[in-house]
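Reader: Please show me the model, and then take me through its features one at a time, with the general idea before the particular case.

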Amino acid sequence: QVQLVESGGGLVQAGGSLRLSCAASGRTFSWDAMAWFRQAPGKDRDFVSTISRSGGITSYADSVKGRFTISRDNAKNTVYLQMNGLKAEDTAVYYCAAKAAGPSDYAPSYEYWGQGTQVTVSS
């Protein structure tokens, strides 16, 4: 029994900020990387950011570098995505993911996925 539950999405004006949270429960002791992906209507699921177990390694899509920050609190089994300077192009459903191996931007390598949280940025 493994669950990832995203929260924190909503409607925000362009230039605003949101912080997404992903709370994990169940058998999580073997997990290493956690990540965020996003998917807009009619589009593919795209990589956003990933982080290693200790938080020492992070990676971001070029489109969000300098605006988004990923972090994790292992004591709470939670990963966060702080999103600043939001743009209309950031509108999507954001998904949390986890896997046993190290971080990557390859969606099929992730073993566990949350249900997603909607982020809508108005221009």
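Author: Let us begin with the aromatic side chains: Phe37, Phe47, Tyr110 and Trp113 are linked into a cluster by ring pairs. The model is a predicted one, in which local features need pLDDT of at least 70 and side-chain atom pairs count only at pLDDT 80 or more, while totals for chains, interfaces and linings use all residues. Residues are numbered from 1 along each chain as its sequence is written, and side-chain values use heavy atoms, with hydrogens and water left out.

Reader: How many aromatic pairs are there by the rule for ring pairs, and what is that rule?

Author: Rings of Phe, Tyr and Trp (its six-membered ring) pair if their centres lie within 6.5 Å, and planes under 30 degrees apart count as stacked, over 60 as edge-to-face and the rest as tilted. The count by this rule is four aromatic pairs. For Phe37 and Trp113 the ring centres are 5.1 Å apart and the planes stand at 50 degrees, so this pair is tilted. The pair links distant parts of the chain, since Phe37 belongs to strand S4 (residues 34-39) and Trp113 to strand S10 (residues 112-113), 76 residues apart; strands here are DSSP runs (E, at least two residues), numbered from the N terminus. Tyr110 and Trp113 form an edge-to-face pair, with 6.3 Å from centre to centre and 70 degrees between the planes.

Reader: Which of these residues are buried or partly exposed: Phe37, Tyr110, Trp113?

Author: Buried means under 20% relative accessible area, exposed over 50%, and partly exposed in between (1.4 Å probe, protein chains only). Phe37, with a relative accessible area of 1%, is buried, and Tyr110 counts as buried at 4%, whereas Trp113 is partly exposed at 29%.

Reader: Which charged residue lies over the face of Trp113, and which over that of Tyr110?

Author: A charge sits over a ring if NZ of Lys or CZ of Arg is within 6 Å of the ring centre and within 35 degrees of the ring normal. Arg45 is placed in this way over Trp113, at 4.9 Å from the ring centre, and Lys99 over Tyr110, at 5.2 Å from the ring centre.

Reader: Turning to the strands, what is the order of the open sheet of four strands?

Author: Two strands pair if DSSP finds at least two bridges between them. The open sheet has the order S1-S3-S8-S7, with antiparallel pairing, and its edge strands, S1 (2-7) and S7, each pair on one side only. Strand S7 (residues 68-73) is joined by six bridges to the antiparallel strand S8 (residues 78-83), with Phe68 opposite Met83 and Ile70 opposite Leu81.

Reader: Which residues of S7 make up its covered face, and which its uncovered one?

Author: In a regular strand the side chains alternate between the two faces of the sheet. In S7 the covered face consists of Phe68, Ile70 and Arg72, and the uncovered face of Thr69, Ser71 and Asp73.

Reader: What lies between S7 and S8?

Author: The two strands form a hairpin with four residues between them. Asn77, located in the loop between S7 and S8, has a positive phi of about 50 degrees although it is not a glycine, and Asn77 is partly exposed, with a relative accessible area of 34%.
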